[in-house]
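Morning, everyone. I will take a few minutes on one model, so please have the sequence and the structure up.

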Amino acid sequence: MSRDWRSIRIMDSAEQIAMSHKFEPSISIKYCNARRINVYGSDGRLADGSREVTLTPNRHFDQLAVNTSLSSVLMPADVADTDAVVKNAIEWSGYLDPLFENNYETDPSLSWQYFGSSSGFLRRYPAIKWPPDELSARSPQDMFDFRSSSWYIDASTSPKDIVILLDSSGSMTGQRREIAKSVVEAILDTLGNNDFVAVFKFSEQTEELVSCFKDMLVQANMENIRELKNALDSTKSENIANFSSALITAFEILQKYNKTGQGSQCNQAIMLLTDGPPYSFTDIFKLYNWPHMPVRVFTYLIGRDSHNAQEMNAMACDNKGYYVRVSSEEEAREKVLNYVSVMARPMVMYQNDHPIQWTPVYTGGKASNIQSESDTDGQLMTSVSTPIFDRRNYTRRVANLLGVVGTDVPIQQIKKLVPPYKLGVNGYSFIITNNGHVLYHPDLRPLIKNWNGQVTYVKCGDGFQFQETLKPEYNSVDLTEVELVDTDGGPRENNTLLLDMRHDMIDQKEGETEISLKIHYDDMKRVTTRRYKYFYNPIDGTPFSLGLAIPDGYGMYEVLAEQEIKHSSINDYAELFQHSPLALEIRGSSQNISKARTGKFTPTGKVYCEYNYASEHRFKSPEEQVFHFLAKIRNPGWKWMSLRPRSPLKDTPHSTMKKMEKDSYFCDKTLMQSLVLDAYATDGMERHNMPSMLKEDKKQGYQMFGVTLSFIATRSGLFRWQDHTPTNVQDSGYNLPHFSESNRRAIDEVWYKRAVDHYSIEPDSFVFSVPFDAGAHGKPLVTATHAVFVDHKGHRAPAAVVGLQFQHSTLAAHFLNITSTCSGCKKTCASEELDCYVLDNNGFIILSESAEHTGRFFGHIDGTIMDSLVQDKIYKKVAVFDYQGACSDTKSHYSDAASTLDVSGYSGVTATRHLLRHWGHCHPTPTETLGSLPPDTY
C-alpha cells in the first residue's frame with residue numbers, strides 16, 4: 001500500500017520544518033482554529049477571533065463540508081493556545097499544509113491527513129469546522145483527546161507489557177478510590193492490540209483484579225480492557241498495603257514473560273497507584289531491575305496529600321520512569337498521558353528508522369460513495385501513522401517526541417484492490433492483522449441488528465447515531481471466528497488447518513491450503529457446507545496479510561467473454577440497456593429506465609468506472625455513472641485506465657510528483673465489456689424470435705402458474721427483469737417492495753449463491769424459496785432460480801442465474817390436485833390420515849395443506865418427523881456458533897453461561913422425489929423441483 005510512504009513524507013518534512021524553527025516564548029500566531037471557523041455574532045458579523053473559511057460539502061471526506069486548500073487545528077478543552085510550547089508547535093506545523101495538499105492532489109483516494117502534536121493539539125487536513133454543522137445536531141459528543149487513540153499511542157510508544165498496581169488498602173477510600181479508578185481507566189485507554197496488561201490490587205495480599213486473568217498478561221483488546229474496567233467497581237478498600245509483595249509480583253510476571261518469549265517482547269513498565277508508600281523500596285529495585293533497568297516504573301500519587309512525594313519521585317526517577325500527583329478525577333487523563341513521551345525516548349534516541357504503524361479496524365464517518373444504502377451509514381477504516389522525532393541540536397542529547405503524523409484509509413479503498421468479480425460467485429477476499437484479527441471479511445458483522453435483521457440507528461437530537469449500534473468487540477474479531485470449519489465438534493474447537501493458515505498469515509508467510517467450511521445465509525436461518533481453496537500472501541509495508549477463498553470445483557474457472565466497445569458496431573448502448581419493458585440493475589442498484597422505477601443501492605463491491613476525484617462529479621445512481629462512461633468510451637482519444645494509479649516511490653521529489661487531473665478516472669475494461677456483452681446476450685430475453693404457437697404456450701404457462709415476474713442476473717452484475725402482472729406487489733397480500741428493489745445485490749443474493757451451489761448436485765434443478773413469514777400474510781410469492789453454467793473442454797463455470805416469481809396459491813392448488821388424484825391409491829394428500837408438505841433443502845416449508853405453515857422451519861411444526869429425516873440421512877443437522885453475537889444488556893460476558901449462540905440449521909442431502917413433472921412451456925423451463933422431500937410425507 002502507498003499510504004505508509006505518504007506518512008513518511010509528512011514525517012520527513014515535519015522534522016525538517018521543526019529543525020529550522022526558532023522557539024520564541026512570546027510568539028504571536030495566526031491559525032485556523034476549527035472551533036472558530038465561520039462563527040458569527042447576533043449582528044451577523046464575524047465574531048472576534050473567528051475566521052471566515054469557504055467550506056464545500058465533499059463526499060470523499062465523510063460527506064462533510066471542508067476546505068482542501070488548508071488545514072485546521074483542533075484542541076481538547078484542557079489544552080490552551082496561550083501556552084508557549086503549544087503556540088510554537090502550531091506555528092511551525094502550519095508549514096505542512098502545502099505537503100498535505102500536494103499529497104491529496106497526487107493521490108485523490110487519500111482520506112484525512114493529520115499531525116498530532118505531543119503538546120496536545122491536532123492539525124487535520126482538509127480544514128473542517130468543529131463540530132461540523134452536519135454533526136452538531138446529531139451527536140452531542142465533543143472531540144476526545146487524540147493522544148489516547150490507537151494511531152497516536154502505537155506510533156509513539158511501540159508495543160509494551162504493562163503491570164498496573166492498584167493500592168486497595170484501607171486508606172484508599174472515598175475520593176482517593178475514585179481518582180485511582182479514573183487513573184487506571186485512563187492508562188487502559190492508552191493500550192491497544194499490540195500491548196499486554198495485568199492489573200493487580202494489593203493490600204495485605206496481592207491478587208489479580210480479574211480472577212480469570214490469574215498469573216498472566218492479557219492482550220489489551222477491547223474485550224479484555226472492558227472486563228478490567230468493569231472489575232474496578234468491585235474493589236474494596238481494607239487492611240494495610242504490602243508494597244513489597246506487589247512490586248515483587250509485578251517484576252516476576254514481567255521477567256517470566258520476557259524470558260519465555262511471551263507478551264510484546266519490547267517495552268515493559270510498572271504503573272504504581274497509591275496515596276503514599278512508607279519508603280522507596282530500593283532493595284527490591286536493586287534486586288529485580290538494576291543496573292540495566294529493563295522495566296520502567298511510573299508512579300501516581302493519589303489525592304491532595306503530598307507528604308510521600310519524595311519516595312514516589314525516587315521510585316520513578318531511579319527506574320527511568322515518571323512521577324505525577326493526581327489530585328482530582330478531571331486531571332487524571334492529562335497526567336497519565338505524560339508516560340507516553342517517556343516510553344518513546346528509546347525509540348527517539350536510538351532509532352534512525354521510523355516505525356510505521358497500522359491500526360485495527362474502526363468506524364469512521366459517513367460512507368463516501370454513491371453505493372451507500374443510506375447517508376447515515378458509517379464506514380470501516382484503518383489508519384497508518386509514524387512518529388516525529390526532535391532532531392534539533394541541543395547542548396546535551398535529548399529524546400523529545402514532537403508528535404505523530406498519519407492518514408486514514410477507508411477499508412472500501414483497500415477492497416478495490418481485489419475486484420470481487422474476479423473471485424466469482426461465493427468467492428471472497430479477506431485481510432487479517434498481525435494479531436489474527438479481521439480487517440475485513442464478508443462475515444464481519446460489526447453492527448447490532450434488531451429482531452428482523454435490520455440495523456437499528458439510535459435517535460440522537462434531530463438525527464441518528466451510527467456508532468451506538470456497534471458490537472463491543474467488532475474490531476477484535478479473530479479469523480477463527482468468521483471461518484467456521486465444517487466439523488461435528490462443539491464451540492471453539494481448534495482446527496489444525498485453519499490455525500496453521502492463521503499463524504502463517506500472522507508471520508507474513510505466503511501459502512495455500514484447502515478447508516471445508518460451514519456457510520450461513522439469511523441471518524443464520526440457512527446453512528450449507530462448501531470446500532474452499534485458500535491462497536494467502538503478506539501485504540508489503542503493512543502488518544496485514546491478504547487471503548483469497550475460492551470455492552473448489554466451479555470456483556476454479558471463470559467465464560471470459562467480452563463485447564468490444566470502442567470499435568463496436570453497436571451505436572446506442574443506452575438503448576441496449578434500456579429496452580422496454582425490461583429493467584436493469586448495475587452494481588446492485590435497481591432502475592427501470594422506461595418506467596422510472598428507482599431504488600436504494602446496496603454495495604456489492606463492483607467498480608466499473610469512476611472518477612478519481614469522486615466529489616467533483618455527481619451522479620444520482622450507479623446506472624447514470626455507467627451510462628456516462630459508456631458514452632465517453634466512444635469519444636476520440638479514449639483510453640482504458642484499467643490499472644489503479646501507482647504511487648511514486650517515497651524518494652521521489654515533491655516537485656516531480658505529477659498531479660492528477662480533476663477528470664482523471666479508473667475504468668475496468670474487462671468488467672465493462674463483460675457487462676455490455678451480458679446486456680447484449682440478454683437483450684433478447686423477451687424479444688427473441690419465437691414461433692407464435694410457442695409464444696402462446698408460454699403465455700398460457702405463465703397464466704397457469706400465476707407467474708408474476710421473470711428475471712436474469714449475470715456474473716458482471718447486470719440484472720434484468722420483466723413484470724408479467726402489473727399489480728404483483730399489491731397481489732402479494734402485504735406491502736413489500738418490488739423484487740428488483742429488495743434483491744439489489746444480484747450475484748451476492750442468497751438465491752444466486754444457492755442456485756450456483758445446487759447446480760453441482762442436480763444441474764437441471766431449480767431452487768425454490770418463500771419468505772420466512774409467508775404464512776402470516778395472505779398472498780405470498782414463490783421464487784424459483786436456476787444457475788446457468790458455460791461448458792468448455794469439460795470444465796464448467798457459472799455465467800448467470802435465471803428465475804421466476806409466481807403466486808404461491810397457484811402452486812399450492814396444483815400440488816394438492818396432483819397429490820390428491822391417484823387411481824388405485826389407498827391414501828392421498830386429500831386423506832385425513834396424511835399431512836403433506838414440500839420442503840426446501842434447508843427444511844423450510846414451501847407448500848403445506850395449512851397455509852400458515854408456509855415459510856416456517858418444519859422442525860417447529862413436527863419435530864419428531866424432522867428428527868426421522870435426519871436419522872434417515874435425508875437432512876443433516878449442522879451446528880453453527882455465532883462468535884460475534886452481542887448481549888447488549890449484559891455488562892460482563894464472563895458472567896454468562898455461554899458466550900456463543902448455537903444456531904442449528906439443516907442441509908438437504910439428496911432430492912428423493914420429483915413433485916411436478918409438467919410445468920408447461922415456461923421460459924425458462926423448470927423440469928423438476930428440488931428439495932429434500934422425504935418419501936413418507938405425501
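I will go through a sheet, then the aromatic rings, then one serine.

First, the ground rules. This is a predicted model, in which local features need pLDDT of at least 70, side-chain atom pairs count only at pLDDT 80 or more, and totals for chains, interfaces and linings use all residues. Residues are numbered from 1 along each chain as its sequence is written, and side-chain values use heavy atoms, with hydrogens and water left out.

Now the sheet. Five strands make an open, antiparallel sheet, in the order β19-β18-β24-β23-β22. Strands here are DSSP runs of E with at least two residues, helices are runs of H or I with at least four, and both are numbered from the N terminus. Two strands pair if DSSP finds at least two bridges between them. β19 (438-440) and β22 (511-521) are the edge strands with a single partner each, so one side of each has no neighbour in the sheet. β22 pairs with β23 (residues 526-538) over eleven bridges, in the antiparallel sense. Along that pairing, lysine 518 is opposite threonine 529 in β23. Helix α22 (residues 750-759) packs on the sheet and touches β22 and β23, where contact means heavy atoms within 4.5 Å.

Next, the rings. Rings of Phe, Tyr and Trp (its six-membered ring) pair if their centres lie within 6.5 Å; planes under 30 degrees apart are stacked, over 60 edge-to-face, and the rest tilted. The count is 42 aromatic pairs. One of them is tryptophan 92 with phenylalanine 115, tilted, at 5.4 Å centre to centre and 50° between the planes. Tryptophan 92 is in helix α2 (residues 84-93) and phenylalanine 115 in strand β4 (residues 113-117), so the pair ties together parts 23 residues apart in sequence.

Are these two residues buried or exposed? Buried means under 20% relative accessible area, exposed over 50%, and partly exposed in between, with a 1.4 Å probe and protein chains only. Tryptophan 92 is buried at 5%, and phenylalanine 115 is buried at 0%.

There is also an aromatic cluster of Phe61, Phe100, Tyr104, Trp112, Tyr125 and Tyr613.

Last, serine 664, which sits in the loop between α17 (622-633) and β29 (665-667). Serine 664 is buried, at 17% relative accessibility. Its side chain makes a polar contact of 3.0 Å with the side chain of asparagine 612. A polar contact is a pair of N or O atoms within 3.5 Å; within protein, one must be able to donate a hydrogen and the other to accept it, and residues adjacent in sequence count only if both atoms are side-chain atoms. The serine 664 side chain also reaches the backbone oxygen of glutamate 661 at 2.8 Å.

Definitions and conventions:
Axes are lines fitted to C-alpha atoms, for helices over the stretch in contact, and angles run from 0 to 180 degrees between N-to-C directions.
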